[in-house]
Amino acid sequence: MKAVVFEEHGGVDALQYKDVAEPKVGPNDVLIKVRAAGCNYNDIWARRGLPGMKVLLPHISGSDAAGEVVEVGSEVSDFKPGDEVMVYPGLSCRTCEFCANGRDTFCRQYKIWGFQTGPLDGAHGEFVRLPAFNVIPKPKGLGWEEAASLPLVLLTAWRMLVGRARIQAGDFVLVWGAAGGLGTMAVQICRTVGARAIAVAGSDEKLEFCRKLGAEHLINRKTQDVAEEVRKITNRRGVDIVFEHVGNATWPQSVASLKWGGTLVICGATSGFEAVTDLRFLWNKQMNLLGSHMGNKTDLLEAMRWVESGQIKPVVSQVFPLREAGRAQTLMEDGEVMGKLVLVPD
Ligand SMILES: [Zn+2]
């Protein structure tokens, strides 16, 4: 089969579009013919190489896929060839105390499929093999590309806001990178629960995009002071929740924007991992600083019900042939993407 592979770390030049062996199913696996696969920043981290994380080489990236079942293992009874499915991208042991009660992300063996796994097993190939546990039905009303754009960002944003920060109607939620993959999910979750999203983005075009998705307030981080605008919008109170995934570049503004007793939830740090917190604010403002990592299968299933009811919509901005994965990654590295980029095998 064709796949996008890198054999060593580097720039987009390291990506090769080439023939690799088709994956073989084990007794509990499902083989899927990929019809569309999502792009995530993790694909770029893996390709560049991350200190402290071993990426097994050669590597096929991609943590989101939608496609048709072509073969199932001898022990699989929930799926059959021809079924239209999508992927839950969290792999775990399935037997520890955490896995047993649905808290997959606490499993010591928890891994993001296509990012921390390998070699040669992410979504950016013509076929993928996954345990049946990681396969869920694709809603009839969703196209392949729409379905493939959802799992990782929907799951992550859902767990951050619903599972961790306990979002409620009326909450002000500051959403960094609101026009991106995670941000567009966060804005829609806010709208759906009746919370008030304050979208932050780097251009007026991106902010207009956020407004259409349901953001109530807009802040252009290039022309406005974010914390100052938050004070105006919230009548000096600060936001109930900050939705963080940028890290170093935004952390001081995030802390300054939080209300007394507010909650800051973070799932990543695309601008850098080091941030300084004046601890006096932590105790005086009685802030809740929460980490969040991916989400459990139950989080995805719950969030998908909102997709099926039309309350959360996939946001696909561009579709590329699989062989052009490098072009998609360059756009993401340049910060030029609104919503999600999706790859489609030839
Ligand atoms: Zn486990």
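Arg 35 sits at 32% relative accessibility, so it counts as partly exposed (between the cut-offs of under 20% for buried and over 50% for exposed, using a 1.4 Å probe and protein chains only). Its side chain meets that of Glu 68 in a salt bridge, 2.4 Å from N to O. This is a predicted model, where local features need pLDDT of at least 70, side-chain atom pairs count only at pLDDT 80 or more, and totals for chains, interfaces and linings use all residues. Residues are numbered from 1 along each chain as its sequence is written, and side-chain values use heavy atoms, with hydrogens and water left out.

**Salt bridges**

- The structure holds 17 salt bridges, each being a side-chain nitrogen of Lys or Arg within 4 Å of a carboxyl oxygen of Asp or Glu.
- Back to Arg 35 and Glu 68: the side chains come together at 2.4 Å, N to O. Arg 35 belongs to strand E3 (residues 29-38) and Glu 68 to strand E4 (residues 65-72), so the pair ties together parts 33 residues apart in sequence. (Helices, H or I, are DSSP runs of at least four residues and strands, E, of at least two, numbered from the N terminus.)
- Glu 68 is partly exposed, at a relative accessible area of 24%.
- Lys 2 pairs up with Asp 19, and their closest N and O atoms are 3.1 Å apart. That one links distant parts of the chain, with Lys 2 in strand E1 (residues 2-6) and Asp 19 in strand E2 (residues 15-19), 17 residues apart.
- Lys 2 is partly exposed at 28% relative accessibility, while Asp 19 is exposed, with a relative accessible area of 54%.
- Arg 231 and Glu 228 also meet in a salt bridge, at 3.1 Å from N to O. Both lie in helix H7 (residues 226-233), three residues apart, or about one turn of the helix.
- Arg 231 is partly exposed at 32% relative accessible area, and Glu 228 is partly exposed at 33%.

**Helices H4 and H5**

- The axes of helix H4 (residues 151-164) and helix H5 (residues 181-193) come within 9 Å and cross at roughly 50°. Here, axes are lines fitted to C-alpha atoms, for helices over the stretch in contact, and angles run from 0 to 180 degrees between N-to-C directions.
- H4 and H5 are therefore oblique to each other; under 35 degrees would be roughly parallel, over 145 roughly antiparallel, 65 to 115 roughly perpendicular, and the rest is oblique.
- From H4, the contact (heavy atoms within 4.5 Å) takes in Val 153, Leu 154, Thr 156, Ala 157, Trp 158, Leu 161 and Val 162. From H5, Gly 181, Leu 182, Met 185, Ala 186, Ile 189 and Cys 190 take part.

**Backbone spots to check out**

- Leu 57 and Pro 58 are joined by a cis peptide bond, with omega about -10°. Pro 58 is in the loop between helix H1 (41-48) and E4.
- Gln 286 isn't a glycine, yet its phi is positive, near 50°. You'll find Gln 286 in the loop between helix H9 (279-284) and strand E15 (288-291), and at 57% relative accessibility it counts as exposed.
- Met 294 is another non-glycine residue with a positive phi, near 50°. Its place is the loop between E15 and helix H10 (297-308), and Met 294 is buried, with a relative accessible area of 4%.
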